[in-house]
Amino acid sequence: MVISSRQEDIAAPVSAIFYMVAAYFLFSFLDTSIKYLAVAGIAPLFIAWTRFAGHAVLVPALFRGWRDPARFRAVSPMAHIVRGAFLCGSTIFNILALRYLQLAETTSIYFFGPMVITALAGPLLGEWAGWRRWLAILTGFVGVLVITRPGVGVFGIGHVFALCSMLSNSIYVIMTRRMSTSETPESLIFYSALAPMILLTPTLWFTEWPSIGPFHWLVLLLLGLFGGLGHWCLIQAYRQATATALAPYPYMQMVWMIAFGWLVFDQFPDNWTLAGAGIIVASGLYILHREHRLRVKNRAAPDAETEAVAKKL
């Protein structure tokens, strides 16, 4: 049976869906573990270093790097360092945010990232958004305001950290999209851990070392497993299905975060957080829907002029 190009865009095999769900389940474990360690008083820089060190060790094993080391060759080492620095900043800000906010709150603000990426893609990548997607971006921002509620005594330092984490990650994603044309997937995932680990290593000399019990050490060691295996699952998913087909599944992380927040920390998001999260998720899904329709229009466009008009929709 011949599958049409439109069907290829929306169809995802069960295995790809499984990998996507597993990836964000692991990322939920990662954030829950980080919050547990941060609340226990362990230094954020040490938590971040341990997370990236475990990731850097695990990635070559998952990809069997000894079989073809050339897959990990960096075409632009400096770009990898800058990209790793933004991921490092995103992780540290996220750790700081988790000290003050519930898991569901930080995740809701993080989900505003795709809208920020859509806005930044114009000046940074030349991929300008049309008025419908800008309207979705503004709607998503309303969702962030519903969660943070500035001016009514709710907006605090934790929300600032969460927003900084989201912005840092958005630039990291923009750089990933730009570098993916020249760098291998293996190098992108490996150096995204190795560069932050190297950048954070000097800070260990100035980090306060509280008494860390055996269980805390176990959780620290598992950070790299949750992060590295989660990214590996993402790559497996995107090898089998398009980004459009898999776009809705990351939002399932909100379910895991609410569940873990309740089970581990006895915290349940209030109605404002749930309402804001719903607005952000709806806006993000609409943007993904518009991008899918634009791809269909661009394929059908008979000439460059018609394609340019389609991009403005």
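Is Glu186 buried or exposed?

Modeller: Glu186 counts as buried, because its relative accessibility is 7% (buried means under 20% relative accessible area, exposed over 50%, partly exposed in between, using a 1.4 Å probe and protein chains only). Before we go on: this is a predicted model, where local features need pLDDT of at least 70, side-chain atom pairs count only at pLDDT 80 or more, and totals for chains, interfaces and linings use all residues. Residues are numbered from 1 along each chain as its sequence is written, and side-chain values use heavy atoms, leaving out hydrogens and water.

Now for Glu186's partner. Its side chain meets that of Arg71 in a salt bridge, 3.6 Å from N to O (a side-chain nitrogen of Lys or Arg within 4 Å of a carboxyl oxygen of Asp or Glu). The two sit 115 residues apart, so to speak, in distant parts of the chain: Glu186 in helix H9 (residues 185-200), Arg71 in the loop between helix H3 (44-62) and helix H4 (77-100) (helices are DSSP runs of H or I, at least four residues, numbered from the N terminus). Arg71 is partly exposed, at 22% relative accessible area. The structure holds one salt bridge.

Leaving aside residues up to four places away in sequence, Lys35 touches Leu98, Leu101, Leu103, Phe265 and Gln267 (contact means heavy atoms within 4.5 Å).
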